[in-house]
Amino acid sequence: MATTSISSVASEPEHNTKSRELEEENATKTGAADDEDTGAQVAPIVKLEEVPVTTGEEDEDAILDLKAKLYRFDKEGSQWKERGVGTVKLLKHKESAKVRLVFRQSKTLKICANHLVLPTINVQEHHGNDKSCLWHAADFADGELKDELFCIRFPSVENCKTFKETVEEVAESQGKKEESKDAADAAGLLEKLSVGDSKTEEKEKQAKELSQTVADKAKEDGEKEDEPASST
């Protein structure tokens, strides 16, 4: 029985080699012709103008930006409903320093969560899943304030932990800021009361001085009337 040697299988037939060389030569000539610059300029058929896109986040700085999947608890159906896959951000306003949580879907950029991070917010780990967190919030994503229960799931335990810790830090800082504001308001009120009291005291003092002056004047006039008339 005849056997086929490895060398005969590995070697390429002669006609195939010549054919390939010819194809490569033609390809080289064609490529050179394609690369040749004719100097012609082709104007675009449609001219697209750049349109500025506003997101409503221009006056805010992102202090957190993570990929996640968001769920909302449906009270009527007593079940969790997916709101979308996208990014969750914590945005701090440049002037007021208030921080809000915003979740947008990746493809449509639809807002699925939009609420302030208040000192009362309480983020809890989902029981039995260390990649998920739960929290309540007065949300404005649908154009009106609604008390919502959210659940967010991250690709990793580290991201979930980062989210929880960052929200807690922001809530604590917002609480301290409110306490400072209340203290400043109280100090301002006390200052106004003090100024008011001092003005009242000053007015009372002026009134006493005026009444004393009037009394002295009346006494002086009475003494003049009692004096005997001088003889002529």
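The questions and answers below go through a predicted model of one protein.

Me: In what order do the elements of the protein run from the N terminus on?
Reply: The protein has three helices and seven strands. From the N terminus on, these elements follow the order α-α-β-β-β-β-β-β-β-α.

Me: What share of the residues in the protein is buried?
Reply: A residue is called buried when its relative accessible area is under 20%. The protein has 232 residues, and the buried share of them is 22%.

Me: Over how many bridges do strands S1 and S2 pair?
Reply: Strand S1 covers residues 60-74 and strand S2 covers residues 79-93. Leucine 66 has valine 88 of S2 opposite. The two strands pair in the antiparallel sense, and the number of bridges is 14.

Me: Which residue in S7 is the bridge partner of arginine 72?
Reply: S1 also pairs with strand S7, residues 146-153, in the antiparallel sense over four bridges. In S7, the partner of arginine 72 is phenylalanine 150.

Me: Is serine 78 buried or exposed?
Reply: The cut-off for exposed is over 50% relative accessible area. Serine 78 has a value of 54%, so serine 78 is exposed.

Me: Where is alanine 97, which has a positive phi although it is not a glycine?
Reply: The phi of alanine 97 is about 65 degrees. With a relative accessible area of 22%, alanine 97 is partly exposed. Its place is in the loop between S2 and strand S3 (99-105).

Me: How many disulfides does the count come to?
Reply: A pair counts if its cysteine sulfur atoms are within 2.5 Å. By this rule the number of disulfides is zero.

Me: What is the relative accessible area of cysteine 133?
Reply: Cysteine 112 is buried at 1%. Cysteine 133 is buried too, and its value is 0%.

Me: Which residues is glutamate 148 in contact with, leaving aside its neighbours within four places in sequence?
Reply: Glutamate 148 is found in strand S7. Its relative accessible area is 6%, so glutamate 148 is buried. With those neighbours left aside, its contacts are Arg72, Trp135, His136, Ala137 and Asp139.

Me: Which helix gives the largest share of the lining of the largest pocket?
Reply: The largest pocket has a volume of about 160 Å³. Its lining includes Lys98, Leu116, Pro119, Gln174 and Lys181. The largest share, four residues, comes from residues 157-226, which form helix H3.

Terms used. Residues numbered from 1 in each chain as written. Predicted model: local features only at pLDDT ≥ 70, side-chain atom pairs only at ≥ 80, totals over all residues. Heavy atoms only, no water. Buried < 20%, exposed > 50% of the residue type's maximum accessible area, 1.4 Å probe, protein only. Pairing = 2+ DSSP bridges. Contact = heavy atoms within 4.5 Å. 1 Å grid on protein atoms, 1.4 Å probe; cavity = no way out; pocket = protein on both sides within 12 Å on 5 of 7 lines; lining within 4 Å. Points joined across faces, edges and corners; volume = space filled by probe spheres on them.
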